[in-house]
Amino acid sequence: MLKSFKIKENHPRLVLIGNSNVGKSTIARYFLKNKKLTTGAIGKHAGSTVSLKLYDDPSVPYQIVDLPGFGAMTRTSKDLKDKIHTEIINYIERDKSNIFLIMVIVNGIRIMDELEKWYYQDETTIPLTFEFISWIENIQLPCIMVINKIDRLKHKELDQILHEIDKILTDIHIQVKGNISKGLLKIFTVSAKKEMNMGKLQSFVEEIWNMMNTG
Ligand SMILES: Nc1nc2c(ncn2[C@@H]2O[C@H](COP(=O)(O)OP(=O)(O)OP(=O)(O)O)[C@@H](O)[C@H]2O)c(=O)[nH]1
Ligand SMILES: [Mg+2]
């Protein structure tokens, strides 16, 4: 599926990764000047983006890679999910030198259910999102975690989510770096749809972008 996508040229890229329906395409749209580039990519049905999309907007200094959702897809077999998972990892490894930041996006409305299902019922497994963050740390790329759809959450619910995420990160020995280096740098809580905290997210991406370019 992703094999048709061949990246040849050297160009800096911002990579968006996360389960289906978390809002990757909506976030990509926010970062693009030419909003038409995402036409048709934002869908109500989970799994609407089934292949890797590369957004190349001449007004943005980097390209944006919108990766296919790796889970929770309807009408998707386990084999296909595993294949997508492998393709995502292969792509990142292959394109590592071009990637200046990875955004790991989660759906704030669903994250508690996911933690419940994957973590608290069976303490030997961690949700795929955290598996990815851990893997990104190991390959020494910078990433941020973005909790989206906070417009649908009460303050108390968001606090609880942040508390639980903090706990799981501690359990898997991942620290939020808070400065510009490798690994998990920061956690953002946003609503891409209602444009809540998106300015903060954009400023941070710009900050990293500037750091990378001034050495
Ligand atoms: N309430 C709310 N809905 C959102 C937000 N961001 C995105 N959505 C909605 O969530 C749905 C999925 O958004 P997409 O941007 O298509 O998500 P995606 O991660 O690209 O999904 P796939 O391509 O299927 O993997 C759409 O109906 C969006 O309008 C948000 O901040 N709040
Ligand atoms: Mg999409």
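Colleague: Let's start with the pairing. Which residue stands opposite Ile-144 in β5?

Modeller: Keep in mind that this is a predicted model. To read a pairing, pick a residue on one strand and look across to its partner. Here, Met-103 is the one facing Ile-144 of β5. The strand on that side is β4, residues 99-107, and it runs parallel to β5 with six bridges joining the two.

Colleague: And which residue in β6 does Ile-144 stand opposite?

Modeller: That would be Lys-186. β6 covers residues 183-189 and also pairs with β5 in the parallel sense, over six bridges.

Colleague: What about Arg-152: buried or exposed?

Modeller: Exposed means over 50%. Arg-152 counts as exposed because its relative accessibility is 60%. You'll find Arg-152 in the loop between β5 and α5, the latter being 155-171.

Colleague: Which residues is Arg-152 in contact with, leaving aside neighbours within four places in sequence?

Modeller: Ile-109 and Glu-157. For Ile-109, compare sequence with space: Arg-152 is 43 residues away along the chain, yet the C-alpha to C-alpha distance is 6.9 Å.

Methods:
Residues are numbered from 1 along each chain as its sequence is written. Chains are lettered from A and ligands numbered from 1 in the order in which they are written. This is a predicted model: local features need pLDDT of at least 70, side-chain atom pairs count only at pLDDT 80 or more; totals for chains, interfaces and linings use all residues. Side-chain values use heavy atoms; hydrogens and water are left out. Two strands pair if DSSP finds at least two bridges between them. Helices (H or I, at least four residues) and strands (E, at least two) are DSSP runs, numbered from the N terminus. Buried means under 20% relative accessible area, exposed over 50%, partly exposed in between (1.4 Å probe, protein chains only). Contact means heavy atoms within 4.5 Å.
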